[in-house]
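Open the structure in your viewer and keep the selection tool ready. The stops below say what to pick next and what is there.

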2 protein chains.
Amino acid sequence: MALGKDYATQECSIARALEIVGERWTLLVMRDALYGVRRYNDFLVHLGIPRAVLAARLQTLTAEGLLEKRRYQQSPPRDEYVPTERGIALWPVLRSLGLWGREHFGRKPLRLFRHADCGTELGPYGECPACGTTVPVPDVLMEPGPGADPDPADPVSRALLRPKRLLAPLEPDPV
Amino acid sequence: MALGKDYATQECSIARALEIVGERWTLLVMRDALYGVRRYNDFLVHLGIPRAVLAARLQTLTAEGLLEKRRYQQSPPRDEYVPTERGIALWPVLRSLGLWGREHFGRKPLRLFRHADCGTELGPYGECPACGTTVPVPDVLMEPGPGADPDPADPVSRALLRPKRLLAPLEPDPV
DNA sequence: CACGGTAGGTTCGGTCATTGAACCGACTCC
DNA sequence: GGAGTCGGTTCAATGACCGAACCTACCGTG
């Protein structure tokens with residue numbers, strides 16, 4: 001993909017989208033960001049991505065306005081990366097990709113998504129079959145599905161096992 | 001992405017999906033396939049993809065069951081690549097990616113999609129607002145939008161200017 | 001103060017994928 | 001016989017990605 005390199009003559013909006021989110025790891029970073037991961041180290045641990053690549057991705061995602069870099073502590077200076085509206089708007093893409101992957105290559109779902117207001121499982125487009133509305137991303141409740149590893153090694157995966165809303169920051173491991 | 005290399009410990013269905021369609025060019029090849037492009041040379045011309053990469057992508061897409069290689073002429077032997085059900089199921093992914101790209105980076109849409117039965121423009125999830133049903137991919141009518149180049153250079157782009165159903169093979173240039 | 005640890009990077013050599021150009025074989029058309 | 005088309009393969013060069021090592025602040029402990 002790369003800087004300066006693009007999908008040449010393709011003016012198609014799919015091609016433009018892929019110029020932003022089509023590089024390796026990028027969509028997985030955004031997935032984690034929507035799941036509530038915000039810190040460099042948490043992305044690192046959870047994705048197993050090379051440090052240099054993560055730094056590069058976070059930078060371009062910030063530059064393209066999908067993530068916002070936010071200082072949450074002055075000393076030592078620490079920043080977190082929070083999805084912007086533009087980044088949150090990727091939810092339907094991630095949702096449909098995940099459904100496709102599960103349907104055609106997966107077994108049991110790792111995660112379930114419900115409408116926080118009524119507890120109903122989301123339909124294929126992120127709508128609530130009971131309420132008949134498209135559920136806003138912050139109102140989506142994520143919980144582990146039947147395929148989830150009950151005792152994962154890394155703390156980020158453990159934190160993601162507890163039911164939580166999308167976008168809500170990860171709670172640190174209690175114990 | 002690559003052979004042998006994978007998104008390591010990620011069992012997530014999004015990660016699995018990206019192992020298949022996450023490589024550079026792959027989703028654009030599938031987009032063209034859904035648009036009705038079927039022949040090696042047509043992909044080549046329309047995408048501006050390096051020949052070796054196209055050959056590799058077509059092979060893995062065939063191996064993964066998203067495309068089917070079909071002999072349409074014995075002498076000289078010529079094959080075409082037709083989307084399977086699994087490949088067609090990517091439509092919601094491409095649709096949502098395209099909408100996201102257009103919404104956040106694009107100007108006018110290049111292509112419009114309508115329900116062939118009633119002529120209504122498709123909603124964001126590929127549903128028909130008038131009929132209230134999810135429109136099957138073969139019943140989606142594609143036509144040039146306000147942003148389309150009225151006189152593109154390559155014959156494939158010209159063929160795609162004529163309104164046609166998704167999946168229907170490209171008609172050769174008349175003139 | 002020395003020491004160890006954490007968070008968030010940067011740098012570096014090696015490997016692997018992508019690129020563009022050239023080549024090739026089978027066939028058709030003139 | 002010669003030119004052209006279609007669907008590839010091969011090749012060298014470039015660029016992206018990888019893993020490991022290193023670096024800079026800073027904090028907490030003894």
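**Stop 1: α3 of chain A**

Go to the end of α3(A): G48(A) follows the helix, and its phi is positive, near 65 degrees. Helices (H or I, at least four residues) and strands (E, at least two) are DSSP runs, numbered from the N terminus. This is a predicted model: local features need pLDDT of at least 70, side-chain atom pairs count only at pLDDT 80 or more, and totals for chains, interfaces and linings use all residues. Residues are numbered from 1 along each chain as its sequence is written, chains are lettered from A and ligands numbered from 1 in the order in which they are written, and side-chain values use heavy atoms, with hydrogens and water left out.

Now colour the helix by burial. F43(A), L44(A), H46(A) and L47(A) of α3(A) are buried. Buried means under 20% relative accessible area, exposed over 50%, partly exposed in between (1.4 Å probe, protein chains only). What do the buried residues of α3(A) pack against? Select α2 (26-35), α4, β3 (111-115) and α7 (155-161) of chain A. Contact here means heavy atoms within 4.5 Å.

**Stop 2: DNA strand C**

Select DNA strand C and its surroundings. There are 21 residues around DNA strand C, and the closest are R51(A), R78(A), R24(B), W25(B) and R57(B). A residue is near a strand if one of its heavy atoms lies within 4 Å of it. Of the atoms of DNA strand C that come within 4 Å of the protein, 69% belong to sugar and phosphate.

Zoom in on single side chains. R51(A) places a polar side-chain atom 2.7 Å from a base nitrogen of DNA strand C. For R24(B), a side-chain N or O atom is 2.8 Å from a phosphate oxygen of DNA strand C.

Which elements supply at least two residues each of the surface near DNA strand C? Pick α3 (40-47), α4 (51-63), β1 (67-73) and β2 (78-83) in chain A, then α4 (51-63) in chain B. By class, the surface has eleven nonpolar, two polar and eight charged residues. Ala, Val, Leu, Ile, Met, Phe, Trp, Tyr, Cys and Pro count as nonpolar, Asp, Glu, Lys and Arg as charged, and the others, Gly among them, as polar.

**Stop 3: the hairpin of chain A**

Stay with β1(A) and β2(A). A hairpin of four residues joins β1(A) to β2(A). Six bridges pair these strands in the antiparallel sense. Strands pair if DSSP finds at least two bridges between them. Find R71(A): D79(A) in β2(A) stands opposite.

**Stop 4: C118 of chain A**

C118(A) sits in the loop between β3 and β4 (140-144) of chain A. Buried or partly exposed? C118(A) is partly exposed, at a relative accessible area of 37%. Beyond residues up to four places away in sequence, C118(A) touches C128(A), A130(A) and C131(A).

**Stop 5: the sheet of chain B**

Select β3, β4 and β5 of chain B: an open antiparallel sheet in the order β3-β4-β5. β3 (111-115) and β5 (164-165) of chain B are at the edges with a single partner strand each, so one side of each has no neighbour in the sheet. Five bridges join β3(B) to β4(B) (residues 140-144). H115(B) is opposite V140(B).

**Stop 6: the axis**

Notes:
A polar contact is a pair of N or O atoms within 3.5 Å; within protein, one must be able to donate a hydrogen and the other to accept it, and residues adjacent in sequence count only if both atoms are side-chain atoms.
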